[in-house]
Amino acid sequence: MADKLSTDPYKGVRDFYPTDWARMQAMFARLRQTLALWGYEEYNASPLERAELYEAKTSEEIVNEQTYTFTDRGDRRVTLRPEMTPTLARMIAAKRRELPLPARWFSIPNVFRYERPQKGRLREHYQLNVDLVGAPAGEADLEIIMLAAELLKAFGAKESDFIIRINSRILLDAACAAAELKGESVKRYLHLLDKKAKMTPEEFRAAQSAITSKDPLAIIEDAGQAPAVAAEKRTLLDAIDALKARGVGNVIFDASITRGFDYYTGIVFEVYDTNPANPRSLFGGGRFDKLVALFGGDPIPAVGFGMGDVTLADFLKTHQLPISADDGAPQLYLGTPSPGDIPAAQAFAATLRDKGGRIFVNLTEKSLGDQIKDAVKRGIPLFMAYGKDEIANNQARLKILATGEEAGLPLTELPARLRAGS
RNA sequence: GCGGCCUUAGCUCAAUCGGUAGAGCUCUGGUUUGUGGUACCAGCGGUUAUGGGUUCGAGUCCCAUAGGUCGCCCCA
């Protein structure tokens, strides 16, 4: 006899029992609801992708060390998607001639990364991806950032609960150029900026001087001397003013926001939790105008963001924002006084289901008392016994378990009562 | 990939210096066989994560492995 099989899920991934999944779906439902109001359509794709999709344009670390990549039986190299954006770019590129652009698309895919699990990061998580494809920088950027803020507000978050930090890759590039940084040095400098928040000012200055004798951040700060930098900075500050004018007040310019992926080409932003106990990045995104062109043809500009389910759930919990939605759980527990009543109860349940009632029918030989206990444990709000007496008299007792209150009513009235939610 | 801490019943946790593995909750049954929740009673439930080592004796000390968790690296 072999060892017993483990009931643990695979390292770094989660099981979703019905109550867990109901909570996830409730959270997703709120996102979908808001996105639908903004005219965004949901798409999806397989988690399996050709490995080469990620070898061109993400960051090397992710491709080489943090993906699940294997060779299939047909010698194809396959990767479990570590992010959705390349898939989106591929899908857009494939139908570029027929899709009506701009396209407002979103998806809530599970994505995979092979790395050590830790706080807020697992090997599989669900990530809302929202993208506006086919519109250039400007209004599209503003819409995406407004929508990002709106999604959090839809859960009841206030502007004081989070802050949106905005930067621009063009601005950074201009500043690096003004500081006479080129090629690899630019990459190294952007990487350093990304870590700035975790360093002391002294550490940062020391690391910066190892890359450049000039100070790109100072050039951005005092943009007068570099016209290209000044123009980009003006554009970004105008965007921030526009967002404020449209009701997004918690947005600031932050020259140290870079985002990890190489494919960003314009505005980049990151949303931070303002809770002092948990001041971390919640999610972010930016503009990627050259990604779709990797599949051939003219570039199609795009902007979007990704939001992980774990960090979102943490945010909601931190700020005590409830997730509530109809989880589709049964409304009525149909009890059977004796096992012989089950066939008739099933038939009766079928008539209630036709009217939209969510009915749970007892299948056990337990006493009615135990069936009521069972209903309470399952969280089903209503209980009704259905047996010979009820059928003979066309009369049932509908019990509200929370209060113990009972109401007698003819069986034929039940569908109406269920619809009324009482 | 590197480091800290952790792993005892289904769950949350006890177990003194290394000396007989326990409790609460859950679950099952009963008091209570056509109507629950409270209360009381009883029961089920363990190779102390796994594999080695030290010891007369290991849940306890040591090593390794796995998993969890937190940080680093990196980042969605």
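**Exercise 1. Which residues of helix α1 are exposed, and which are buried?**

Solution. In this predicted model, the exposed residues on the other side of α1 are Pro-18, Thr-19, Gln-33, Ala-36 and Leu-37. The buried residues of the helix are Met-27, Leu-31 and Leu-35. Seen down the axis of α1, these buried residues fall within an arc of 80 degrees, so they line one face of the helix.

**Exercise 2. What span should the 20 residues of helix α1 have at 1.5 Å a residue, and how far apart are its end C-alpha atoms?**

Solution. Helix α1 covers residues 18-37, and at 1.5 Å a residue its 20 residues should span 28 Å. The end C-alpha atoms of the helix are 28 Å apart, which agrees with that expectation. Just after α1, Gly-39 takes a positive phi of about 80 degrees.

**Exercise 3. Describe the open sheet of three strands, from its order to its pairings.**

Solution. The order of the strands is β2-β4-β3, and the pairing is antiparallel. At the edges stand β2 (48-50) and β3 (68-71), each with a single partner strand, so one side of each is left without a neighbour in the sheet. On average, and with direction ignored, neighbouring strands of this sheet are turned by 35 degrees against each other. Taking the pairings in turn, β2 is joined to β4 (residues 77-80) over three bridges in the antiparallel sense, with Glu-49 opposite Thr-79 in β4. Between β3 and β4, which also run antiparallel, there are four bridges, and here Tyr-68 stands opposite Leu-80 in β4. The strands β3 and β4 form a hairpin with five residues between them, and Asp-75 in the turn has a positive phi of about 65 degrees.

**Exercise 4. Work out the arrangement of the open sheet of five strands and of helix α12 across it.**

Solution. The strand order is β14-β13-β15-β16-β17, with mixed pairing. Its edge strands are β14 (359-361) and β17 (406-409), each of which pairs on one side only, and the twist averages 25 degrees from one strand to the next. Within the sheet, β13 (residues 332-335) and β15 (residues 382-385) pair in the parallel sense over four bridges, and Leu-332 stands opposite Leu-382 in β15. Helix α12 (residues 342-354) lies across β13 and β14, and runs at about 175 degrees to β14.

**Exercise 5. Where is Asp-341 found, and is Asp-341 buried or exposed?**

Solution. Asp-341 is found in the loop between β13 and α12. This residue has 21 C-beta neighbours inside 10 Å and therefore counts as buried, the cut-off being 20 or more. Leaving aside residues up to four places away in sequence, Asp-341 touches Thr-336, Tyr-386, Gly-387 and Lys-388.

**Exercise 6. Which domains does the domain assignment give for chain A, and how far apart do their C-alpha centres lie?**

Solution. The assignment gives domain 1 as 18-179 + 214-318 and domain 2 as 332-419. The C-alpha centres of domain 1 and domain 2 lie 49 Å apart.

Key:
Residues numbered from 1 in each chain as written. Chains lettered and ligands numbered in written order. Predicted model: local features only at pLDDT ≥ 70, side-chain atom pairs only at ≥ 80, totals over all residues. Pairing = 2+ DSSP bridges. Helix = DSSP H or I, 4+ residues; strand = E, 2+ residues; numbered from the N terminus. Axes fitted to C-alpha atoms, helices over the stretch in contact; angles between N-to-C directions. Contact = placed C-beta atoms within 7 Å. Expected span 1.5 Å × (residues − 1). Buried ≥ 20, exposed ≤ 12 C-beta atoms within 10 Å, placed from the backbone. Arc of directions from axis to C-beta. Domains from an automatic or database assignment.
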